[in-house]
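Okay, thanks everyone, let's get going.

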Amino acid sequence: MELNIVCIPGDGIGPEIVAEAKKVLNKVADKYGHEIKFKDILMGGASIDVHGVPLTDEAIADAKAADAVLMGSIGGDTNTSPWYRLSPDKRPEAGLLKIRKALNLFANLRPAYLYEELAAACPLKEEISRAGFDMLIMRELTGGLYFGERKTTTENGVRRAVDTLTYDENEIRRIAIKGFEIARKRRHKVTSVDKANVLDSSRLWRAVVNEVAKDYPDVTVEHMLVDNCAMQLVKDPAQFDVILTENMFGDILSDEASMVTGSIGMLSSASLNDTKFGLYEPSHGSAPDIAGQDIANPIATVLSAAMMLRYSFDLDQEADAVENAVRQVLKDGYRTGDIMSEGCVKVGCKQMGDLLAQRI
């Protein structure tokens, strides 16, 4: 199979961690008989330095022509970088917003997985963490409160702000379909999260999810109010498989879920459109303070590459191989500095990439 992948190394530690993900993907290609064609494009501060803008139209065209995009990290030190003396629409993060819109990336996937070897870093009680958890939060990314009409006015000397939460059934249906399809690749369970006891938008959300569920009789669906879900994430995270929810709820719940894993350096993510196309990136930032020192943790980017194999190319066996390589490296006691613990062997970014590739 030929895989055409656009890579956005980006800023900070981005080039380092993307290089290690490429190393692992090349090993996968060699082992399973695939051909990978990589093309690097500039985005963020790296693009500003060369082109004066965080993302060019040419770079967008390259991304659209690919099968998938693998990204490192975008941005720099907001206090010292000259990029942040520019207007907001010229700053690094504006490139990320622009590419999401250009590629119609409406479905955000944030896995939260607790590795047995890293369980000590989990902030939950041991009786909870020992059960482990493996969930994926599917967040609608382009609608809802963040994209509705908003205004601030002054009436009779009193300031008044209005934000509008709007969804139509088509927006809900397409994210629900994604959620059920991905549940079929996992443990066949969807927990749809809303606030249907209060919000009309949530009542529509629940109705459409139930309509979609009829097409997936092999997937169990349950509904949960968002406040209850927030509590259940710290009380019994093992109960969740795919959590399907709207934009603002997903923003909050995915950050909560990431914290109970204990290490953001291990967390991958993906943003998909209504085809197999997706943009894959680690959940962490650009960490400019450690850039170029060969100490960054590339595992989140490598796991993002595994998500790409699974969801954009339907290469489940190859994705399993990458994820199993991560488990084996951790089991063998190798750690980058951010996840280092007593009795383990500390390695750098490049060596971690080598170790992962060796275990494919």
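Let's begin with two helices: the axes of α6 (residues 169-184) and α7 (residues 200-213) cross at roughly 50° and come within 9 Å. Quick word on the terms: helices (H or I, at least four residues) and strands (E, at least two) are DSSP runs, numbered from the N terminus. Axes are lines fitted to C-alpha atoms, for helices over the stretch in contact, and angles run from 0 to 180 degrees between N-to-C directions. Under 35 degrees is roughly parallel, over 145 roughly antiparallel, 65 to 115 roughly perpendicular, and the rest oblique, so α6 and α7 are oblique to each other.

Before I go further, the housekeeping. This is a predicted model, so local features need pLDDT of at least 70 and side-chain atom pairs count only at pLDDT 80 or more, while totals for chains, interfaces and linings use all residues. Residues are numbered from 1 along each chain as its sequence is written, and side-chain values use heavy atoms, with hydrogens and water left out.

Back to the pair. Which residues in α6 and α7 meet? With contact meaning heavy atoms within 4.5 Å, α6 brings Glu169, Ile172, Arg173, Ile175, Ala176, Ile177 and Phe180, and α7 brings Leu204, Trp205, Val208, Val209, Glu211, Val212 and Ala213. By class that's 11 nonpolar, no polar and three charged residues. Here Ala, Val, Leu, Ile, Met, Phe, Trp, Tyr, Cys and Pro count as nonpolar, Asp, Glu, Lys and Arg as charged, and the others, Gly among them, as polar.

On its way, α7 also lies across β5 (134-140), β8, β9 and β10, and runs at about 170° to β9.

That takes us to the sheet. It's open, with 10 strands in the order β2-β1-β3-β12-β11-β4-β5-β10-β8-β9 and mixed pairing; two strands pair if DSSP finds at least two bridges between them. The edges are β2 (35-40) and β9, each pairing on one side only. From one strand to the next, the twist averages 25°.

Let's look at the β9 end. Thr220 sits in β9, residues 220-225, and touches His188, Lys189 and Val190, if you skip residues up to four places away in sequence. The C-alpha of Thr220 is 14 Å from that of Val193, 27 residues apart along the chain. Val193 in turn has Thr245 of β10 as its bridge partner, and β8 (residues 189-194) pairs with β10 (residues 242-245) in the parallel sense over four bridges.

Now over to β3, residues 68-73. Buried or exposed? Mostly covered: six of its six residues are buried, meaning under 20% relative accessible area, with exposed over 50% and partly exposed in between (1.4 Å probe, protein chains only). On one pairing, β1 (residues 2-10) runs parallel to β3 with five bridges, and Ile8 partners Met71. β3 also pairs with β12 (residues 278-282), parallel again, over two bridges, and there Leu70 partners Tyr280.

One more helix pair: α3 (residues 57-65) and α4 (residues 92-102) pack at about 45°, axes 11 Å apart. Asp57, Ile60, Ala63 and Lys64 of α3 meet Lys98, Ile99 and Ala102 of α4, which by class is four nonpolar, no polar and three charged.

Last stop, α12 (residues 349-358): Cys349, Met352, Gly353, Leu355, Leu356 and Ala357 are buried there. Those buried residues pack against α1 (14-32), α10 (299-311), α11 (316-331) and β13 (334-335). That's me done, thanks.
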